[in-house]
Structure formats: C-alpha cells, structure tokens
Amino acid sequence: MQLAYQTDNLFDAHLVKHALEDAGIPAFVFGESLLGAGGELPLFGLLRVCVPDSAKPQADDIVAALDLDAAGSGPICDDDEAPGLLPA
C-alpha cells in the first residue's frame, strides 16, 4: 500500500477515497477509528488514504485534480465579503 493523501479532515479523506474508487482504484482510509482517541496519540496526521502500489501514479493524478489544498483554511474566512449575521 502506498500513501495517496494525508489529511486531518475526515470529509476530505472520504472525498479522496470515493474519487479513487470511482476511477476503479481500491482505496482505504487508515486512522479513521483513532479520531476520538486521546492521550498519547498525535493531534494531526492520523488520516491516510492508501492505494495499491501499482495504482499510485494514477491516484496521484486524481488527488491533484481534486485540488483540496486550494480551498483555504476552512469554511469561515476573515476575508469573506458577506457580513454574516448582524444584530437586530
């Protein structure tokens, strides 16, 4: 198994997994069951989407086409032009 994508976000991990599976590449999300754990586990880098060795080049192209890292830091950005909810 080769690493195709690593993230801290479960939604992104499954988005990548489903995109790979739609292309006929078997994919597995490692670390999903560790998200609720605490203690000695690291806070980041737990989720990894892995593919078979032979599918790695094609998987890299599919992950790059998703362009997940260009989305910004999160759904709420300081530079949004919409003011959001205002007091009455």
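Let's start with helix H2: spanning residues 56-66, H2 lies across strands S1 and S3 and runs at about 25 degrees to S1. Keep in mind as you look around that this is a predicted model.

Now for the sheet itself. The sheet is open, with three strands in the order S1-S3-S2 and antiparallel pairing. At the edges sit S1 (2-7) and S2 (28-30), each of which pairs on one side only. Going from one strand to the next, the twist averages 30 degrees. As a reminder, strands of a sheet pair through backbone hydrogen bonds, and they can do that either parallel or antiparallel. Here S1 and S3 (residues 47-51) run antiparallel and are joined by five bridges.

The crossing of H1 past H2 is right-handed. On the H1 side, the contact is made by Val16, Ala19 and Leu20, while H2 brings Ala59, Ile62, Val63 and Leu66.

Lys17 deserves a click of its own. This lysine is found in H1, which covers residues 10-22. Is Lys17 buried or exposed? Lys17 is buried, because its relative accessible area is 16% and the cut-off for buried is under 20%. Which residues does Lys17 touch, leaving aside its neighbours within four places in sequence? The contacts are Ala27, Val29 and Val49.

Last stop, the aromatics. The count comes to one aromatic pair. The partners are Phe28 and Phe30, with 4.6 Å centre to centre and 65 degrees between the planes. That pair is edge-to-face, because planes over 60 degrees apart count that way.

| Residue | Relative accessibility | Class |
|---|---|---|
| Lys17 | 16% | buried |
| Phe28 | 44% | partly exposed |
| Phe30 | 28% | partly exposed |

Notes:
Residues are numbered from 1 along each chain as its sequence is written. This is a predicted model: local features need pLDDT of at least 70, side-chain atom pairs count only at pLDDT 80 or more; totals for chains, interfaces and linings use all residues. Side-chain values use heavy atoms; hydrogens and water are left out. Helices (H or I, at least four residues) and strands (E, at least two) are DSSP runs, numbered from the N terminus. Buried means under 20% relative accessible area, exposed over 50%, partly exposed in between (1.4 Å probe, protein chains only). Contact means heavy atoms within 4.5 Å. Two strands pair if DSSP finds at least two bridges between them. Axes are lines fitted to C-alpha atoms, for helices over the stretch in contact, and angles run from 0 to 180 degrees between N-to-C directions. Rings of Phe, Tyr and Trp (its six-membered ring) pair if their centres lie within 6.5 Å; planes under 30 degrees apart count as stacked, over 60 as edge-to-face and the rest as tilted. A crossing is left-handed if the near helix is turned anticlockwise from the far one by less than a right angle, and right-handed if clockwise.
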